[in-house]
Protein chains: 2
Amino acid sequence: MNFPSETIANAVEQLSKFPGIGKKTALRLTLFLLKQNEDDVNRLSDSLNRLKTHVTYCTTCGNVSDSGTCSICLSPRRDKSLICVVRDFQDIMAIENTGQFNGLYHVLGGVISPLEGIGPDDLRIAELIQRIENDEVRELVLALSANMEGDTTAFYLARKLESSAVKISAISRGIAVGGELEYADEITLGRSIVNRIPYRV
Amino acid sequence: MNFPSETIANAVEQLSKFPGIGKKTALRLTLFLLKQNEDDVNRLSDSLNRLKTHVTYCTTCGNVSDSGTCSICLSPRRDKSLICVVRDFQDIMAIENTGQFNGLYHVLGGVISPLEGIGPDDLRIAELIQRIENDEVRELVLALSANMEGDTTAFYLARKLESSAVKISAISRGIAVGGELEYADEITLGRSIVNRIPYRV
């Protein structure tokens, strides 16, 4: 693609670095910005810059926060005896948006992946064990992805905490709500039969 | 959606102002930026800011340019007797990318649209007529959209230039290259039969 202006070419190049945004979309976004007034564009670029300067991570759970400790860890209405273990802070947002969990979280910052050279020491596992030892944690809910890396990490954590009194559970796997049986993959369908639950009306 | 940080919420809000980018995509882009290093984010926000401070418009044709006159108007290899009339500068990019046009352009900055209150005086029509009078323009190629506004604008220009010696042509309409006849709408198919051209092997 040829651009009539270096400035436009540059903006397109920068925007197309976003995942899922190709040159054509980047151009569309650039042309949109060109038509906005200067204040709006400034507001956008400032808010992007602030992402790197203002966002910090909660010293307890690893969630993003604007100050030292995140609002979830600070909340007096949260059940501090329940910790949900997630890979990344966006998983916290996903679970929070369900409104179904009232405990605290712990962000591992990744999952064990020998292929990518990520071992247990690269994750916030020591911090998790510290929290379990220091605080009165009753249950650990493992909310990791259902793939090899997630399963390996879950297995590692379960072994590591075998001797502790904490109860370990994992989020359930199965057919998605509203999902059609015929389109589900065999492993998911198989698991959902094996792990069947009592029917509630 | 609840965000763990005001800064993130703000970035998501700003990014979701882009056309075709909803809250979920904006969040994905924000999380991507959070994982980039500060220099990369700075480079992005700078390039967006420069869009409003550095991009100017060619004083002759209205194309975007980094300096007073655009590179197309300045090029000695362009046929200055041929002017292609387009609505917006992105149409110039689209035509330039075909590599099939060697004349100059003229950006109208819109099309006549009584519904939106856009009349001939709001467009760069006076500038176009000036160019035709001053320069030795042989042919005007109307490359406007095939809708009511585009047709109205084309008709207006043709009437306005009736008395001048300039030849007026319009880009051809018809079935897209590679397009299936059965899926073409009747108006396009009808026009492509009426405006049939000699078959060339």
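Among the residues of chain B, B:S45 comes closest to the rotation axis, with its C-alpha at 2.3 Å. The model is a predicted one, and the axis in question is the one that relates its two chains: chain B is superposed on chain A by a rotation of 180° with a shift of 0.1 Å along the axis, at an RMSD of 0.2 Å. That is the relation of a two-fold axis.

Chain B contributes 45 residues to the contact and chain A contributes 45 residues. On the side of chain B that touches chain A, the elements giving two or more residues are α1 (6-15), α2 (23-35), α3 (38-54), β2 (64-65) and α5 (89-98) of chain B. The largest share of that side comes from α3(B), with 13 residues. By residue class, the side of chain B that touches chain A divides into 21 nonpolar, 16 polar and 8 charged residues. Since 100% of the interface residues of chain B are also interface residues in chain A, the copies meet through the same surface.

What covers the buried residues of α1(B)? The residues concerned are B:T7, B:I8, B:N10, B:A11, B:V12 and B:L15. Their cover includes α3 (38-54) and β2 (64-65) of chain A, together with α2 of chain B. Elements of both chains therefore take part in covering this helix, given that a contact is counted where C-beta atoms lie within 7 Å.

Strand β2 of chain B holds B:S65. Is B:S65 buried or exposed? B:S65 has 25 other C-beta atoms within 10 Å, and is therefore buried, the cut-off for a buried residue being 20 or more. Leaving aside residues up to four places away in sequence, B:S65 touches A:P4 and A:S5 of chain A, and B:T56, B:Y57, B:C58, B:C70 and B:S71 of chain B. B:S65 also lies 6.1 Å from B:V55, C-alpha to C-alpha, at a separation of 10 residues in sequence.

For chain A, the assignment gives domain 1 as 6-54 and domain 2 as 64-170. The C-alpha centres of domain 1 and domain 2 of chain A are 35 Å apart.

Next comes the sheet. In chain B, 4 strands form an open sheet in the order β4-β3-β5-β6, with parallel pairing. The edges are taken by β4 (103-107) and β6 (167-170) of chain B, each with a single partner strand, so one side of each has no neighbour in the sheet. From one strand to the next, the twist averages 25°. Strand β3 of chain B, residues 79-86, runs parallel to β4(B) and is joined to β4(B) by 5 bridges. Within β4(B), B:L104 is the residue that stands opposite B:I83.

Chain A can be described in like manner. Its open sheet of 4 strands has the order β4-β3-β5-β6, again with parallel pairing. Here β4 (103-107) and β6 (167-170) of chain A are the edge strands; each has a single partner strand, so one side of each is left without a neighbour in the sheet. The twist in this sheet averages 25° from one strand to the next. Strand β3 of chain A, residues 79-86, pairs with β4(A) in the parallel sense over 5 bridges, and A:I83 stands opposite A:L104 in β4(A).

Methods: Residues numbered from 1 in each chain as written. Chains lettered and ligands numbered in written order. Predicted model: local features only at pLDDT ≥ 70, side-chain atom pairs only at ≥ 80, totals over all residues. Domains from an automatic or database assignment. Contact = placed C-beta atoms within 7 Å. Nonpolar A, V, L, I, M, F, W, Y, C, P; charged D, E, K, R; others polar. Buried ≥ 20, exposed ≤ 12 C-beta atoms within 10 Å, placed from the backbone. Least-squares fit on C-alpha atoms with pLDDT ≥ 70 in both. Pairing = 2+ DSSP bridges. Axes fitted to C-alpha atoms, helices over the stretch in contact; angles between N-to-C directions.
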